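Hi everyone, thanks for coming along. Let me put the model up on the screen, and then we can walk through a few parts of it together.

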Amino acid sequence: MFLLKRHTMLSDILQRVVLGRRERKVCPLLERKMMMSGGDIVDNKAVVEGGVKDMYGEDSATLDQLATPWTISVSSGYSLLRDPRHNKGLAFTEKERDAHYLRGLLPPVFLSQELQEKRLMNTLRQYQVPLQRYMAMMDLQERNERLFYKLLIDNVEELLPVVYTPTVGEACQKYGSIFRRPQGLYISLKEKGKILEVLKNWPERSIQVIVVTDGERILGLGDLGCQGMGIPVGKLSLYTALGGVRPSACLPITLDVGTNNQKLLDDEFYIGLRQRRATGKEYSEFLHEFMSAVKQNYGEKVLIQFEDFANHNAFDLLAKYSTTHLVFNDDIQGTASVVLAGLIASLKLLGGTLADHTFLFLGAGEAGTGIAELIALEISKQTNASMEESRKKIWLVDSKGLIVSSRKESLQHFKQPWAHEHEPVKELVNAVKAIKPTILIGTSGVGKTFTREVVEAMAALNEKPLIMALSNPTSQAECTAEEAYAWTEGRAIFASGSPFDPVEYNGKLNVPGQANNAYIFPGFGLGVIISGAIRVHEDMLLAASEALAEQVTQENYDKGLIYPPFANIRKISAHIAAKVAAKAYELGLASRLPQPEDLVKCAESSMYSPTYRTYR
């Protein structure tokens, strides 16, 4: 009888909870459903938006409409102040304090969100150590989610280096010491055989984006094992702040398969498995169970972003799952897309087309070969030449020297397409002199490898040498902005992976560009979501690159910039999302039908707003 009448009862109970101020209890059925969905009622028909109907209007209502702070029941009193999604701190109004039993739990003063933001920025600027700022921001995220994102969005250029590279690298190194509460899922080899059950432990059901790492190659810092969780957490913060994806739709995951970092294994504060890394069949079976469980639990349209896997696994995972899952590797594809955008934009300063230039890479791992492949693809599409012919404009140097055909048999499979006919060259500076590149790109993960001799050789060959020192964090950059400008007598066009301050040379202020993946992946992910794409296609990456390049203005070019300022990143992300979604529709990969008439407007209207809501 109860089951037959449950919809009527649920409706009645919801009315009583909302309208009858002091009726707080919810029936067990509703409570279970809300626990499983983080406060939302699951609607199996709403699959494109992630499986959840926004029946309480929290995300879809206008800012002047009232919202209900749902958790398992209506949050109130002390529990409301401990709920980061709904807590507003001193911004609760007098009416809200009465309605939600907050009297006496807060000081009597009211502070607007703007004043809270101003106070927090003043506090953050007093910290001298970047890691202290990082920890303060993470504490804020754990107690007041909307204020965290408001702060990050409004001060993105100042706070991006705090919540992500370069500071996140140090945070990962010390994650065991600064760990306070879980911010994502830790799935270790102990959970093999029951990964689906572990996924169901996460309180949210409407997941749209997962960022996952196994911690083997964190930035340029190497194997950090379980402590690599800082990367998925940081990336997903940017998905929300820069791309507007709802925080509740984001899931950070670390796969703990052990670590080969002996220092961590000996560290009494290490938070991961104390064993050597699993490899071979054990590793592949574990990953396959994870991928299958994700698809089973969250459906076909959840975007899985691989992050900081070692080269040998990164390529294999992308190749294996790109035809069966919605997968994206930021180190291979995201880096390639953002660098290609910079190269397309730089043509206004350098002249010519991509096919007119010669590219030399230091580094032939997942980033280097990924960038090279996307450049070749763009050249191929522009010139109608074959990929094999297009690759001949691109040369790579690895730890053993220039990659040439005589080395082909000993090369890893992902390096083999770049083995061109040429005599062996061991040193980078000699490769520069022999190949005569117009563009030098560093993805080696090794700092100070663009020496004075190398940069001066580039300057001797080119009036405006384009130098991209992309390795992260800052300490691993191939050269600094100051070095690039000084050694080229101020003629270089320079971009890096981590931020550098402007450099004055001979009275001219040179502003370094930042080839940060954060330009691409938040907008790319939003484009995938709004189109309901079921697979990632390489043409969607090209569309993202072209959309980003279009956002560079003449004012930016006058400063030597080949990327737009991050201050406009939400507008940029909306344009990238629109171009990516349009390409998904064109390729027949989109499932959200019919196609919206104005995709830019659709992207902008889909973005999460961190502005405080007014509660009933």
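Let's start with strand S4, residues 250-256, where 7 of the 7 residues are buried, meaning under 20% relative accessible area with a 1.4 Å probe and protein chains only. Before I go on, this is a predicted model, in which local features need pLDDT of at least 70, side-chain atom pairs count only at pLDDT 80 or more, and totals for chains, interfaces and linings use all residues. Residues are numbered from 1 along each chain as its sequence is written, and side-chain values use heavy atoms, with hydrogens and water left out. Strands are DSSP runs of E with at least two residues, helices are runs of H or I with at least four, and both are numbered from the N terminus.

In a regular strand the side chains alternate between the two faces of the sheet. Here, Cys250, Pro252, Thr254 and Asp256 point one way from S4, while Leu251, Ile253 and Leu255 point the other way.

Who are the neighbours? Strand S2, residues 185-188, runs parallel to S4 and is joined to it by 4 bridges; pairing takes at least two DSSP bridges. Ser188 stands opposite Asp256. Strand S3, residues 209-213, is also parallel to S4, with 5 bridges, and Thr213 sits opposite Thr254. From S3 the chain crosses through helix H12, residues 230-243, to S4, in a right-handed β-α-β crossover: with the strands pointing away from the viewer, the path from the first strand over the helix to the second runs clockwise.

Now for an open sheet of 7 strands, with mixed pairing and the order S9-S8-S7-S10-S11-S12-S15. Its edge strands are S9 (401-402) and S15 (513-514), each pairing on one side only. Helix H16, residues 330-350, packs on this sheet and touches S7, S10, S11 and S12, where contact means heavy atoms within 4.5 Å. The direction of H16 makes about 160 degrees with that of S11; axes are lines fitted to C-alpha atoms, for helices over the stretch in contact, and angles run from 0 to 180 degrees between N-to-C directions.

Last stop: helix H22, residues 521-531. How many of its residues are buried? The count is 11 of 11, including Phe521, Phe524 and Ile530. Just after H22, Gly532 takes a positive phi of about 65 degrees.

Terms used
Buried < 20%, exposed > 50% of the residue type's maximum accessible area, 1.4 Å probe, protein only.
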